[in-house]
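Please keep the sequence and the model in view while reading.

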Amino acid sequence: MGLFILRRFGVMLLTALCLTFVVFFLTNLYPNLEKLAKTQGNQRMSDEQVEAWLGNRGYLQPTLVKYGQWLGVVPGFTKTLDDGTFVGTCTRPGSTEENTPRYCGVLQGNWGYSTVFKDEVGTIVGKRLGNTGYLMFWVLVLMVPSALIVGVLAGMREGSALDRSLSTFSIITTATPEYVSGVIFIAIFTSSTVGLKWFKGTATQAMDNPTFENFFLPVLTIALYGMGYIARMTRASMTEVMTAQYIRTARLKGVSFPNIVMKHALRNALIAPFTVIMLQFPWLLNGVVIVETLFNYKGFGWALVQAAGNNDIQLLLAISVVSVFVVLVTQLISDIGYVYLNPRIRIS
Amino acid sequence: MEPLTWTGSIAFLNPLLMIAIAALLLSIVIWIVGSIFLPEAPLSINMDGTVSSGSGLRGLTQNALRFSFIACVALALAYIVLGIVMGTSAGIVGAVSQQFLPVWLSLIILYAMSIAFKRRLGLYGKLFDSPIGMIGFGLVMFWVFTGIFGALDLIVTHDPLVQLSGMKNKVPGTPLPTAEEGEYAWYLLGGDNLARDVFSRMVKGAWIVVQIAPLATLFAFMVGITLGLPAGYYGGRLDTFLSFLANLILAFPVILLFYLLVTPEIVATGVPNYMAAVLFLFPILFIGVLLNSRYYTRPKFRTPLLIGVLGVAIWLYLSLISTSGFIINTDSYRIWGLPTYLDLFDIPGGILVVFVSVVFVNSPTVFRIVRGLALDIKTRDYVAAAQTRGEGPWYIMLWEILPNARGPLIVDFCLRIGYTTILLGTLGFFGLGLPPESPDWGSTINEGRKLLSIYLHPALPPAFALLSLVLGLNLLADGLREESLKD
C-alpha cells in the first residue's frame with residue numbers, strides 16, 4: 001500500500017511538471033508575450049519597444065531557462081535599466097538589488113507576482129481558494145446527500161413510478177449545463193419581469209456576508225449538474241445490489257423492505273458512488289469557473305478567467321498546479337477509498 | 001402592424017392547456033405517492049385455474065396519468081396544427097410553428113418511414129420500440145432539421161446579423177417600425193441588445209452546433225479508437241505511455257485548456273493548425289489500416305481500393321487543413337499546402353480552432369473507454385480463435401474487437417455529442433473562438449445574461465434550445481442502451 005501511494009505521488013509529480021511546462025510553453029509564445037507587454041506597458045508600443053520591454057524583463061530567454069527560473073533551479077533574471085530601475089523575475093515594485101533573492105521559484109516557496117492583480121500569486125490563490133472552498137463545501141453538502149437519496153430511492157424498486165420520475169429528473173439535470181440552468185434560475189427567481197425576486201442575481205456580497213438569499217442560487221446551479229450523474233450511478237449500483245442473492249434471502253426470511261434497504265443493501269450500494277463523487281471533482285472545478293463568472297463571485301474560477309484573459313503567466317501556472325493537484329489527489333483518494341470500502345479488491 | 005400576442009385568436013385553448021397540465025402534474029404526484037402506499041393490484045384465481053389481476057387503485061392512477069398526458073400532447077399538437085394553418089393570426093406560437101413547417105414535415109416523413117420499415121433497420125429500427133428513445137430521437141432530429149433548413153434560409157425570418165433600428169430589446173411579437181415589402185413584419189421572439197432578431201439567431205445557432213458537434217465527436221472517436229485499441233490489446237509500455245498522455249490531458253481543467261488554445265494570440269502562432277494537421281491524420285490512418293487489414297490477402301482488390309479511398313481521404317485532409325494555399329500562415333513563416341484551385345473548401349480560422357480543441361478535449365476520454373473495452377474483449381474465445389487462425393493484430397483489433405464493442409461505443413457517441421454541444425456552448429459563453437457576432441447558442445446566452453434582470457427574451461430561447469438538444473441526445477442514448485441490452 002505504501003509503495004502504491006509512493007508510486008502514485010511520483011506519477012502525480014511528473015504529471016504536474018509536464019502540465020506546467022505545457023502551460024508555460026503556451027503562455028510564453030511570442031504573440032502572448034506581446035499582448036502582456038502591451039497591457040503592462042503601453043497599448044501603442046511599436047514592435048521594437050515591445051521587444052525591448054520583453055528583453056529587459058527577461059521574457060526573451062530560452063523557454064527552458066525561464067521554466068527553470070520559475071521552478072527555482074536556475075538563478076532569477078535581473079537587470080538594471082538605463083533609468084536606474086532594477087527589474088527582474090525576482091523583483092517586486094520597490095525592491096532593490098540588495099534585498100532581491102538569487103533564486104525565486106516554486107521550490108523556494110515563491111509562486112511569483114501577478115501582473116493583473118499586482119500582488120503575490122501565493123496570497124491571491126490562497127484568498128480565492130478560500131472563497132471557492134466555501135462555495136464547494138455548500139455544493140457538496142447539497143449535492144451528495146440529495147444525489148444519494150434520489151439514486152437509492154430510484155434504484156430500490158426498478159421500474160416503479162418513483163424510479164421513472166426520479167430517473168427523468170436526473171436525466172434532465174445532467175442535460176442542463178451550468179450556464180443554462182444558471183440563466184434560467186436568474187430569469188425565474190431574480191428578474192423584475194417574472195417578479196418572484198426570491199434571490200439575488202449576483203453573489204458578489206456573498207464573499208463577505210453569505211446569506212441564503214445571495215448564496216443559494218450559485219450553490220444550486222453547480223450542485224444540480226453534478227447531481228444527476230451521481231444519482232444515476234447510485235441508481236445503477238442500487239439496482240444491481242437489489243437483485244443480488246443475499247437480498248433475496250433476506251426477503252424470503254421475512255425482513256421488512258425498509259430494513260432490507262437500510263441494513264442490507266445500502267452499504268454495498270454506496271461503494272460505486274463514492275468513486276464517482278471523487279472523480280466528479282474535476283468537473284465541479286469547471287462548473288465553479290462558469291458559475292463564478294455568471295454570478296460574479298470572486299473565487300478561484302474567476303481568478304482563472306482573469307489570469308487567462310490577461311495572460312498572467314505566473315498566476316495561471318499556480319492555478320494549473322492547484323487544479324492538477326485537486327484532480328490527482330481526488331483520483332488517489334477514490335482508488336484508496338475503493339479498496340477500503342470493497343474488501344474484495346486488493347491493490348497488488 | 002399590431003404587435004402579436006402569444007396565442008392570438010387561439011387563446012381559447014389556453015385555459016384548456018392549463019387544466020390539462022395541472023391534471024398531469026397532479027396525476028404524476030398521485031401516481032408516485034400511490035406506488036408507495038397503495039396495495040399491489042389484487043390477484044384473483046378463477047374457476048378454471050387461471051389467474052387474473054384487477055386494475056385496482058394503482059391502475060386507476062396509471063389511467064389518470066395516461067389520459068392527462070394524452071390530453072397535454074393533443075393540445076400541444078392542436079397549437080402547432082392551428083398555428084400552421086392560421087399563421088400570425090394565431091399569435092407568436094402560431095407564427096413560430098408556421099415558420100417551422102419544413103421541420104414538421106420532415107419529422108413526419110422520417111417517423112412514418114422509420115416506423116413502417118423498423119423491422120429491417122437493425123438497431124435504428126429497434127429504437128422505435130422504446131418511447132424514451134423515440135422522444136429523444138425526435139428532439140435531436142428537430143434540431144438537426146432546424147439547423148439544415150435554417151442554413152437554407154427556410155425558417156429564419158430575418159438576417160441574424162442585421163440590426164434594425166428601433167428594435168433594441170423589444171419584447172416578443174413586436175412589429176417592425178418600417179416593414180418593407182417582402183420582409184417579415186415581426187420580431188417573433190423579440191430583439192436583442194443590438195436590435196437583432198432573437199428567433200433567427202436561435203435557428204442559425206442550431207446550424208453551428210449541427211455542423212460541428214457530430215463531426216468533432218466522430219473525429220474524437222477516430223483518434224480514441226486508433227490509439228485505444230493498440231493500448232488495450234498490446235498493453236505494456238505503449239499502454240503506460242498513452243495512458244499517461246491521456247491522463248495528462250484529462251487533468252487539465254477544460255476551461256483552462258480552452259483559454260490556452262482558443263485565443264487570437266495562439267491562433268497567430270499556428271499551434272491549432274499543427275494540432276489540426278496531427279489530429280486529422282488519425283481518420284486516414286484508421287481507414288487505411290481498417291481496409292488493409294481486411295483485404296491484404298487479396299492484393300489485386302486491395303491496392304486499387306486503398307489508392308482510391310486514401311486518395312480521396314488525403315485530398316479531403318489537405319483541403320481541410322490548408323487555407324488559401326497555406327497549411328500554416330503566420331507572420332514569421334509559412335508552410336505551403338494545397339494550391340487554391342485544388343482546395344475544396346476553406347474553414348474559417350475561428351471554427352477550425354474550436355473544432356480542434358473540442359476534438360482534443362474529447363479524445364482522451366474516448367481513448368480510455370476503448371482501451372477498457374479492448375482489455376475486456378481481448379480475453380474472449382473468438383479473439384483466441386482469430387489468433388490461432390493466424391490473423392494479424394490489426395485485423396483482430398479492428399474486425400474482431402471493435403465490432404463487438406460497438407454497443408457501448410454507440411451509446412457513448414450519443415452522450416458525447418451532447419457533451420460536445422455543452423462544450424461548444426461553454427466556449428461561446430466565455431467568448432472564445434467564434435466571432436462575437438456569431439449566432440451560436442453559447443455566445444447568445446452570454447450576451448443575453450447581462451441584461452437578464454430586465455429582459456428575459458434574448459437569453460432564454462438559446463438556453464432552452466441547448467437544453468432540449470442535449471436532453472434529446474441523453475434520452476436517445478438511454479433508449480439505445482435499453483434496446484441494445486435486449487439483444
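## Helix α11 and B:V271

Helices are DSSP runs of H or I with at least four residues, numbered from the N terminus. In this predicted model, one such run in chain B is α11, covering residues 271-279, and B:V271 belongs to it.

Is B:V271 buried or exposed? A residue counts as buried if 20 or more other C-beta atoms lie within 10 Å of its own. B:V271 has 20 other C-beta atoms within 10 Å, so it is buried. The C-alpha atom of B:V271 is 9.3 Å from that of B:V353, although 82 residues separate the two along the chain.

## Confidence and overall build of chain B

The model has an ipTM of 0.89 and a pTM of 0.90. For chain B the average pLDDT is 87, and 97% of the residues score at least 70.

Chain B contains 19 helices and six strands. Along the principal axes, its C-alpha atoms fill a box of roughly 80 × 70 × 45 Å. Of the 487 residues in chain B, 42% are buried. Among the contacts in chain B with a separation of 6 or more, 68% are between residues 24 or more positions apart.

## Two helices of chain B

Helix α7 of chain B runs over residues 198-234. How far apart are the end C-alpha atoms of α7(B)? The 37 residues of α7(B) should span 54 Å at 1.5 Å a residue, and the end C-alpha atoms are 53 Å apart, so the two values agree. Of the 37 residues in α7(B), 31 are buried, and the helix is therefore mostly covered. Just after α7(B) comes B:G235, with a positive phi of about 70 degrees.

The same checks can be made on α17(B). Its 24 residues should span 34 Å at 1.5 Å a residue, and the end C-alpha atoms are 34 Å apart, which agrees. α17(B) is mostly covered, with 18 of its 24 residues buried. Just after α17(B), a positive phi of about 65 degrees is found at B:G431.

## Where the chains meet

How many residues does the contact take from chain B and from chain A? Chain B gives 40 residues and chain A gives 43 residues. On the side of chain B that touches chain A, the elements supplying at least two residues each are α1 (13-37), α8 (236-251), α9 (254-261), α10 (264-269), α17 (406-429), α18 (441-449) and α19 (460-485). The largest share, nine residues, comes from α19(B). By class, this side of chain B has 29 nonpolar, eight polar and three charged residues.

## Chain A: domains and annotated spans

The domain assignment divides chain A into domain 1 (1-111) and domain 2 (123-310). The C-alpha centres of domain 1 of chain A and domain 2 of chain A are 39 Å apart.

An unreviewed UniProt entry places the feature "domain: ABC transmembrane type-1" at residues 129-334 of chain A. In the model, residues 129-334 of chain A are 79% helix and 0% strand, and the end C-alpha atoms of the span lie 22 Å apart. UniProt, again in an unreviewed entry, also places the feature "transmembrane region" at residues 9-30, 135-154, 166-189, 215-232, 270-295 and 315-341 of chain A. Residues 135-154 of chain A are 100% helix and 0% strand, with end C-alpha atoms 28 Å apart. Residues 215-232 of chain A are also 100% helix and 0% strand, and their end C-alpha atoms lie 27 Å apart.

## Positive phi outside glycine

A:K118 has a phi near 55 degrees, a positive value in a residue other than glycine. In chain A, the loop between β3 (113-114) and β4 (119-120) holds A:K118. With 10 other C-beta atoms within 10 Å, A:K118 is exposed, because the cut-off for exposed is 12 or fewer.

In chain B, A195 is another residue other than glycine with a positive phi, near 65 degrees. B:A195 sits in the loop between β4 (186-187) and α7 (198-234) of chain B. B:A195 has 16 C-beta neighbours inside 10 Å, so it counts as partly exposed.

Terms used: Residues numbered from 1 in each chain as written. Chains lettered and ligands numbered in written order. Predicted model: local features only at pLDDT ≥ 70, side-chain atom pairs only at ≥ 80, totals over all residues. Contact = placed C-beta atoms within 7 Å. Nonpolar A, V, L, I, M, F, W, Y, C, P; charged D, E, K, R; others polar. Domains from an automatic or database assignment. Expected span 1.5 Å × (residues − 1). UniProt positions renumbered as here; feature names shortened; annotations may be inferred. pLDDT = per-residue confidence, 0-100.
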